[in-house]
Amino acid sequence: MVLLPLSLLLCIRQGYFYRREVAGMIAWIKKHLFASAFLCCFLFLLAGCGRGTKDDTVQQQESESQPDEDDIVIGISQVGSESDWRMTNTKAYMDTFTEDKGYYLIFEDGQQKQENQVKALRKFILKDVDYIVLDPIVETGWDTVLQEAKDANIPVIIADRNVLVEDESLYTCRVGSDFLQEGRNAGEWLAKYLESRGRGNKDIQIVTLQGSLNSTAQIGRTTGFAQIMEQHSNWNMLEYQSGDFTQAKAYEVMEYFLETYDDIDVVISENDNMAFGAIEAIKEAGLKLGRNGDIIIISFDAMRDALRLVQKGEIVADFECNPITAPLVEEIVQKLERGEAVEKVQYVEETYFDYRMDMEALIEKREY
Ligand code: GZL
């Protein structure tokens, strides 16, 4: 019988059960001694086999302590840490779902791989969290694991990017950006800009640095801009290539664009970090950036470091993508806790910035 408490302690350490579940087990064991003998062999074997090799590729963060009885346990599956935007988005979750506010946060960084995010969701289901927050790296391939969460009665909140599923009841709601509108806004801004420079009817050669392919941000921005481009037969999209939302990849793609095309007028960069990579490559090629140069860059995200480049004129316009989704997610959790209905889709507030604005004042007061 010594084995039993030892096994239970080992299982708690392995994270198979929370203390609150074990208390119920002990009461049950006192009532059913024979069955307990069998149970203790099983628990000892379970504890002994450990959790297998921890998947070192998935960064995870979980409080050392165990959740208290009345904590709200939140499992967050994040895309990765690929951009300034993403780091700000993650920090907002850490700042919002704190222990002193009654949350127990389990955070999993997917390292830009869908299989890591699926593993994280299955871990949350096994731990029977109260809510799952998923920022899906790509739109498809979620039906099975979201069905498993639904079968386990765990509400799933989609944040930032979106999922494309057969059955929309597989997730409770989504909060994020309207990426299609972001892309349209950028196209409309470019049309007005070219008109103001007397180039409304001139041939305009464009290349696009796309984000991670099949991500909602990439699909929306590409599609939205293309819808406006259709209204301008003098605009020519030379090529789309993905820079995967990273500075390093975008640098390589921009080098390729510059080697391949003699005359590029506009670079559409689907996030700021890719714009940083493009600027590096353009400068190394000896070309001038900005309104009076060879190439203009239009970017998305509008993070502080990029707004400093708008101020310098190296980016002519930057379309904001608000990374502070965490407070809206918390509002949704609190409503669900009170049994209140929530809207299926909520969009975050967003604007844009361009070379005509007083960036100094704007940059100082921005959160990110
Ligand atoms: C958009 C977000 C995108 C950002 C990129 O909401 O998903 O992912 O635009 C980030 O910076 O990598």
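A cavity is a set of grid points, computed over the protein atoms alone, where a 1.4 Å probe fits but cannot get out. In this predicted model, the largest cavity is the space taken by the ligand.

Two helices each supply at least two shell residues, namely helix H4 (84-96) and helix H8 (216-229).

The shell can also be read by residue type. Around the ligand there are 13 residues, and those that come nearest are Glu82, Asp160, Arg161, Arg221 and Asp301.

For Arg221, an N or O atom of the side chain is 2.8 Å from a ligand oxygen. In Asn271, the corresponding separation between a side-chain N or O atom and an oxygen atom of the ligand is 2.9 Å. Ser83 has a polar side-chain atom 3.0 Å from an oxygen atom of the ligand. The ligand taken alone exposes 310 Å², and the protein buries 100% of that area.

Methods:
Residues numbered from 1 in each chain as written. Predicted model: local features only at pLDDT ≥ 70, side-chain atom pairs only at ≥ 80, totals over all residues. Heavy atoms only, no water. Near = heavy atom within 4 Å. Polar contact = N/O pair within 3.5 Å; in protein donor to acceptor, adjacent residues only side chain to side chain. Areas by Shrake-Rupley, 256 points an atom, 1.4 Å probe, with all protein chains shown as cover. 1 Å grid on protein atoms, 1.4 Å probe; cavity = no way out; pocket = protein on both sides within 12 Å on 5 of 7 lines; lining within 4 Å. Sits in = over half its atoms within 2 Å of the grid points. Helix = DSSP H or I, 4+ residues; strand = E, 2+ residues; numbered from the N terminus.
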